[in-house]
Amino acid sequence: MDITAPTIILTLIWGVAIGCVYILLATGLNIIFGVMKLVNFAHGQLLMIGAYLTWTITYSAGLNAYAAILISMLVVALIGVAVERLTFRRVLGGDKLNEIFVSLGLIYIFENAAMLIWGANSKQIISPLGGMSLALPSISITYDRIVAVFVVVATLIAFGLLIQKTKLGLAMRATSQRNSTAMLMGINVETIYMLTFAIGAALAAVAGGLYGIIFSFDYQVGALPTIIAFAIIILGGLGSIKGAIIGGLLYGIVEQLATLFFGGVWGSAVAFAMLIVVLIIRPNGIFGEKGE
Amino acid sequence: MQIKKSLTSFLRSKGFQIMLGSLAILAIIPILANNNFFLYVFTLIFVFAIYASSWNLLANSGQGSLGHAAFLGIGGFSSALIGGSISSAVIASLGVTKMPIGVLSVLIQIVVLLLGGLLSAGIGFLIGLACVRLKAWYLAMVTFGFSVIAGTLSSQLDPVTNGINGFAPTTLVPSGYPFYILVISFAVSSITAMSLIMKSRMGLAFRAIHGNEAEAKMIGINTAKYKLIAFVISTFFAGIAGGLYAYFIRFIQNDVFSPANSFLPLIMTVIGGLGTTTGPIIGSIFLVSLQQTLALPSVVETLRSSLGTFFPGVSNVGPPIAFLVVGIILVLIVIFSPKGLAPLFRKFLNYLTSEDKTKRAKKQ
């Protein structure tokens, strides 16, 4: 591809669309970290399950892909509840390595179960807007990518309202600040943990549905987005939602530009190099709070 | 002085005698079994036992790496490449067409493996510098990211590494029983060395850091220094394991940097028993024999004819089912038996020995 002004603009727009999907995943990961102080390395596998469920609902029930995302959101939220109750709750607050080990076990469970259920071949969700694109002079953008940006913005607004305006959001914020004090104020911290994990999982499911509409995916699709979402929240600072949004857009654009200028293989390597450099300079992320 | 003391106490310990005894038995088993498959599986078990033990040592200092495959790959590629150039120099100077197998080639093999380990440790030192200040999950991410970068670099430097298509290292120690002996000698010395380190004062510092880094710092442990030392030691042995792996399977490719290879030592160690000497070995025996049994053509065929109809989208149903179960076992072990299978194994041994004692008491 020649590097001309239109291709760079197109790359930027693609970067924003992909960045949006990463933002949703990163926001879910971030809220779970903020409230539970837990890094769920298996978060991308929830994205993968969300994508497969959306595919199944669209394919077998013939439902509109965007409506199917809503259903898969609910199912993945329930899976999230089960995961939190059965696994993470039992290792929370102990050795941090145990949380990493449990996440890894979950990755193996989800990926292999998905492979057995849905097969090893890659799939793509067919949306009602599939194949159509907005034709501007020398640029064409598929409608699906534009819709994805709107879905992400709407989801994030709903999420922001939930956190800022509702009692549940207040309880979540209180728990994230200090869970023992929250407990003394009559908040059932365990329920808040469960609901937080469910919300994070639901966000991952939306990300999965959108990902599956834009790209083809298989059972291994979750691994890289988890890492990317993690890189984003490190760039933006763990626990900061605004940071995740800025970090997500930055990441999407950098990745797409790196792919454009250096070739596809460099996309993720450049992103990781950026992550490592940031962590060497600031071990708690760019906007992260100071540790002990 | 400390090392000498711990060495003598280690040499006298029951654990060491058990290890020596079991290794002597293991050296004989393949001859008795006279079966190439067993020999293959046993060799692989010991290669991965070194690899998992190296991961275990690092985790024992509180650093859970998710990118150890980078060091497996660096060790593998560098020893295979250096071995290739040394043997072509030898071939040229002797004026022969093929590398003669003998004392010289065995020596070259050992030197090349050590060089691979040293190179891996050198790079491990640089990555360790970045890692010592990081908390658990940041460290996990950085190490994982490094393994991805290492794979990308290896494919970008393809004219040097030949990693995209892969290549076979020059044969220096003949495959089969001779290579098995090479592997178990490396395994005994490496695992003994790591076990001694973990039992020494340094190992105590590692465990203190794992327990609580702030407290360890407060009682005067230079946490950054010890974490870096753990990183270098661990990556050295991971590099040696990588070299052995490349020379054993007679092939090395960029696939070696895959996340699956990074997760393998973690799963082996956690299932076997984190922080114990026997844990990684037990885990390696478990996982390697599982993988190799599932790769047997007859097993693949049986599984396909019996279970294939339930899972039409999968051509080989064995591995996904097995790794689904491995994932469940991993989660169950972390939740219910955080010390892994090693304590259960030890309890079983104690049970056997105590039964002997009661029998003896009855005879008297």
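Predicted model: local features only at pLDDT ≥ 70, side-chain atom pairs only at ≥ 80, totals over all residues.
Residues are numbered from 1 along each chain as its sequence is written, and chains are lettered from A and ligands numbered from 1 in the order in which they are written.

The contact between the chains involves 39 residues of chain A and 38 residues of chain B, two residues being in contact if their C-beta atoms, placed from the backbone, lie within 7 Å. On the side of chain A that touches chain B, at least two residues each are supplied by helix 3 (65–91), helix 4 (96–118), helix 9 (223–236) and helix 11 (266–281) of chain A; helices (H or I, at least four residues) and strands (E, at least two) are DSSP runs numbered from the N terminus. Helix 4 of chain A provides the largest share of this side, with 16 residues. By class, the side of chain A that touches chain B comprises 29 nonpolar, seven polar and three charged residues, where Ala, Val, Leu, Ile, Met, Phe, Trp, Tyr, Cys and Pro count as nonpolar, Asp, Glu, Lys and Arg as charged, and the others, Gly among them, as polar.

A:Ile109 is located in helix 4 of chain A and counts as buried because 22 C-beta neighbours fall inside 10 Å; a residue is buried if 20 or more other C-beta atoms lie within 10 Å of its own, exposed if 12 or fewer, and partly exposed in between, with C-beta atoms placed from the backbone. When neighbours within four places in sequence are left aside, A:Ile109 is in contact with B:Leu324, B:Gly327 and B:Ile328. A separation of 34 Å is found between the C-alpha atoms of A:Ile109 and A:Ile146, which are 37 residues apart along the chain.

Helix 4 of chain A also packs with helix 2 (residues 43–61) of chain A, at an angle of about 20 degrees and with the axes 10 Å apart; axes are lines fitted to C-alpha atoms, for helices over the stretch in contact, and angles run from 0 to 180 degrees between N-to-C directions. The two helices of chain A, helix 2 and helix 4, are therefore roughly parallel to each other, given that angles under 35 degrees count as roughly parallel, over 145 as roughly antiparallel, 65 to 115 as roughly perpendicular and the rest as oblique. The crossing of helix 2 of chain A with helix 4 of chain A is left-handed, a crossing being left-handed if the near helix is turned anticlockwise from the far one by less than a right angle, and right-handed if clockwise. In this pair, A:Gln45, A:Met48, A:Ile49 and A:Tyr52 of helix 2 meet residues of helix 4 including A:Leu106, A:Phe110 and A:Trp118, and the contact has eight nonpolar, one polar and one charged residues.

Two helix pairs of chain B can be set beside this one. The axes of helix 5 (residues 103–131) and helix 6 (residues 136–156) of chain B come within 10 Å and cross at roughly 150 degrees, and these helices of chain B are therefore roughly antiparallel to each other. Helix 5 of chain B passes helix 6 of chain B in a right-handed crossing, in which B:Ile127, B:Ala130 and B:Cys131 of helix 5 meet B:Leu139, B:Val142, B:Thr143 and B:Phe146 of helix 6. The axes of helix 8 (residues 177–199) and helix 9 (residues 201–211) of chain B come within 4 Å and cross at roughly 70 degrees, and these two helices are therefore roughly perpendicular to each other.

The largest nonpolar core contains 197 residues, of which A:Val76, B:Val47, B:Ile50, B:Val183 and B:Leu330 touch the most other members; such a core is a set of buried Ala, Val, Leu, Ile, Met, Phe, Trp, Tyr and Cys residues joined through C-beta atoms within 7 Å. Leaving aside neighbours within four places in sequence, B:Val47 is in contact with residues including B:Val183 and B:Phe248. B:Ile267, in helix 12 (residues 259–272) of chain B, touches B:Gly283, B:Leu287, B:Val326 and B:Leu330, not counting residues up to four places away in sequence, and B:Ile267 counts as buried, with 25 C-beta neighbours inside 10 Å.
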